[in-house]
Amino acid sequence: MSQPFTRFQGTDRYLSNESLESAVNCALVLERPLLIRGEPGTGKTLLAEAVSEALGMKLIRWNVKSTTRAQDGLYVYDTVQRLYDSRFQDKDVSDIENYIELGPMGKAFDADERVVLLIDEIDKADVEFPNDLLNELDRMRFVIDETQREVAAKQRPFVLITSNAEKELPDAFLRRCVFHFIDFPTPELMEQIVHVHHPEMEASLVQQAMETFYEIRSMKRLRKRPSTSELIDWIAVLKAAGVTDVKLEGNLPFLGALLKKEQDLVAFADQLTGGRRWRS
Amino acid sequence: MFVPFIYELRAREVPVGATEAVALARALEAGLHENSLDGFYHVARAILIHSERHLDDFDQAFLKTFRGVEVEAKKLKDELFDWLKEARENLPELTDEERALLEELDPEELERLFNERMEEQKEKHQGGNKWIGTEGTSPFGHSGRAARQGIRVGGKGKGRSAIKTADARLYAGYREDLTLDVRQMQLALRKLRTFTRVGGDEELDLEGTIAATAKNAGELEVVTQPPRRPNTRVILMMDVGGSMDPFAHLCSRLFSATKKSSHFKELRTYYFHNCVYGRVYETERFTDPIRVNDLLHECGPHYKLIMVGDALMAPYELMSPGGSIHWEEDGERAEGIVWLMRLQKHFRRSVWLNPEPQKYWLGNTIENIASVFDMYPLTLDGLGEATTHLMKSK
Ligand SMILES: Nc1ncnc2c1ncn2[C@@H]1O[C@H](COP(=O)(O)OP(=O)(O)O)[C@@H](O)[C@H]1O
Ligand SMILES: [Mg+2]
């Protein structure tokens with residue numbers, strides 16, 4: 001731990017700040033998982049790529065879905081394939097190892113070099129999922145029951161866990177992690193992010209698009225407020241369609257790129273036309 | 001300095017214990033704070049805080065402890081180590097895990113390393129609000145691969161100072177009292193669940209079948225029963241618009257949590273603005289009105305009524321007949337408060353959930369409405385108590 005290591009300072013495609021870098025570096029040095037929370041579109045997933053790129057570590061992704069179980073991350077034993085193969089004589093079905101496939105976490109432990117393991121959107125899985133991961137995250141080793149082989153991390157991977165802001169994670173889990181909350185980008189930061197993605201874009205259009213974007217975000221009663229990705233996509237379509245200026249009004253070009261829910265389009269129209277329809 | 005800081009955090013119910021303190025000691029030992037108070041702010045926050053709800057507590061505790069204070073590095077770290085040593089001996093609330101952590105940690109070793117670093121930096125000491133100075137040795141050496149310097153907002157040193165950052169109180173909006181997510185709400189609402197077995201559509205009673213078959217000496221005997229059905233009917237009435245706008249997000253979460261709950265036999269949702277008069281509406285945009293009298297006719301007293309609103313309005317809206325300027329029809333002119341009392345009387349069980357913090361519940365219309373409805377704050381605890389109340393028999 002006391003040996004010098006390479007610190008993370010962002011990349012030329014990923015905007016970071018002191019506080020985010022500090023959290024990443026704490027997690028790297030303390031060898032604890034880094035939990036990143038924030039609204040969708042605040043660059044949580046992209047951070048894993050940035051760390052991997054900046055520090056030259058391989059990135060292993062584990063995209064969590066509602067059906068994901070902790071076991072999937074370690075390994076899966078393909079019994080069906082084995083059963084199937086046993087009907088023919090051409091494969092060695094006696095060696096179970098042939099039917100064990102390491103999951104993302106297993107692969108991260110098994111790697112020869114230190115890797116980045118991204119556990120993306122942990123909040124999507126069942127409530128018990130984070131608890132089920134605790135042990136392996138701590139010890140960084142596990143045993144494959146079927147073969148008794150132990151998979152142990154040669155180098156503790158840098159584990160980055162992302163979660164959208166709204167879901168509670170268990171205490172025991174939280175206390176093991178270094179934590180960082182990514183704020184929604186300020187307009188200044190957003191301008192730079194947009195610039196990274198659309199470097200040759202005309203400044204005045206970017207300015208107008210951003211103003212409109214933040215205004216829409218501040219509207220009341222939106223179920224899903226547009227985020228960074230939506231803004232970047234929207235600017236891309238504006239550019240492609242040759243739009244030269246945008247103003248916040250009824251027929252905003254390609255509004256669908258920003259607001260994707262029917263109710264939100266209604267709320268938008270409401271607030272734009274009637275102003276405030278209720279007195280306070 | 002350090003100990004008051006930790007206790008300041010604990011006083012604010014931020015769960016800081018030995019686990020966090022040990023991690024922080026390690027980070028300081030590794031020099032992650034780069035020898036500045038600003039660095040310390042970020043490192044301590046990343047390690048001591050585990051949820052955005054506590055970020056504001058962190059900022060406040062940090063300000064209280066460090067504002068206008070000349071921070072002396074030696075003392076801070078001494079205190080941290082003393083505290084850790086002491087924690088090992090006399091903190092009764094340590095978990096086994098924390099105890100093991102402390103065992104593993106060798107304070108003498110940590111201290112020695114720390115002192116070495118202090119010695120190295122003595123000459124560079126700059127005092128002031130800076131910790132040891134800004135040019136101390138860095139733990140970040142140059143091993144094999146060199147990192148590319150990325151784009152950084154504000155640039156190093158140009159960012160705001162820790163005190164300024166803390167002072168901006170950027171995270172006040174994430175405080176616990178303001179956050180409540182859909183899943184938590186769903187869990188709380190689950191208490192409203194009751195089931196009955198009535199009606200046709202038989203389903204297989206597996207246990208009954210096994211028992212009967214066994215009794216029958218293994219001859220299959222199929223037993224069926226009516227399926228289990230949810231038996232709770234709920235009416236949710238929400239105040240929207242105006243002073244409720246700041247709570248729109250919270251209310252929409254409550255709304256989706258209720259909608260998603262599959263354990264109600266029936267769920268009706270209605271909207272009103274400020275107070276209920278003769279009608280409530282089926283949409284947030286106040287279309288599709290339904291007369292309250294008709295509603296009471298349709299829905300028996302066994303429905304559970306959940307009112308949601310800040311209960312804040314001009315007194316005349318509550319106290320004078322047809323307080324709403326829109327309401328004059330049907331000869332049903334009555335004061336808002338009378339309509340509320342009618343609703344409350346009709347249903348055996350009802351609650352009012354209020355998103356407004358409880359400390360503002362006195363000396364305004366909230367007080368009046370709370371004398372009609374059993375009122376609970378729209379927080380996780382409040383929701384829990386409210387559902388318990390709704391399930392009490394009467
Ligand atoms: N700090 C940043 N630097 C550069 N681009 C960013 C940054 N934050 C967000 N973005 C842009 O926003 C998009 C969404 O980011 P993503 O990592 O997918 O968000 P999240 O995982 O938080 O939902 C990225 O593809 C990128 O275009
Ligand atoms: Mg993502």
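**A tour of selected helices and loops**

Begin in this predicted model by selecting helix 6 of chain A, residues 129-139, where F129(A), P130(A), L133(A), L134(A), E136(A) and L137(A) are buried. Residues three or four places apart in an α-helix point the same way, because there are 3.6 residues a turn. Step just past the end of helix 6 of chain A to M140(A), whose phi is positive, at about 55 degrees.

Next, display helix 9 (residues 203-217) and helix 10 (residues 228-240) of chain A, whose axes come within 11 Å and cross at roughly 140 degrees. Helix 9 and helix 10 of chain A are therefore oblique to each other, and their crossing is right-handed. To see the contact, select A209(A), M210(A), T212(A) and F213(A) on helix 9 of chain A, together with T228(A), L231(A), W234(A), I235(A) and L238(A) on helix 10 of chain A. Of these contact residues, 7 are nonpolar, 2 are polar and none is charged.

Colour chain A by pLDDT: the mean is 86, and 94% of its residues reach 70 or more. Then select residues 275-280 of chain A, over which pLDDT stays under 50. For this stretch the model has 20 contacts beyond four places in sequence.

Move to chain B and select N274(B), in the loop between strand 6 (264-272) and strand 7 (279-281). The phi of N274(B), a residue other than glycine, is positive and near 70 degrees. N274(B) is buried, with a relative accessible area of 2%.

Finish at D288(B), in the loop between strand 7 and strand 8 (289-291) of chain B. D288(B) is not a glycine, yet has a positive phi of about 50 degrees. Is D288(B) buried or partly exposed? At 44% relative accessibility, D288(B) counts as partly exposed.

Technical notes: Residues numbered from 1 in each chain as written. Chains lettered and ligands numbered in written order. Predicted model: local features only at pLDDT ≥ 70, side-chain atom pairs only at ≥ 80, totals over all residues. Heavy atoms only, no water. Axes fitted to C-alpha atoms, helices over the stretch in contact; angles between N-to-C directions. Helix = DSSP H or I, 4+ residues; strand = E, 2+ residues; numbered from the N terminus. Parallel < 35°, antiparallel > 145°, perpendicular 65-115°, else oblique. Left-handed = near helix turned anticlockwise from the far one by under 90°. Contact = heavy atoms within 4.5 Å. Nonpolar A, V, L, I, M, F, W, Y, C, P; charged D, E, K, R; others polar. Buried < 20%, exposed > 50% of the residue type's maximum accessible area, 1.4 Å probe, protein only. pLDDT = per-residue confidence, 0-100.
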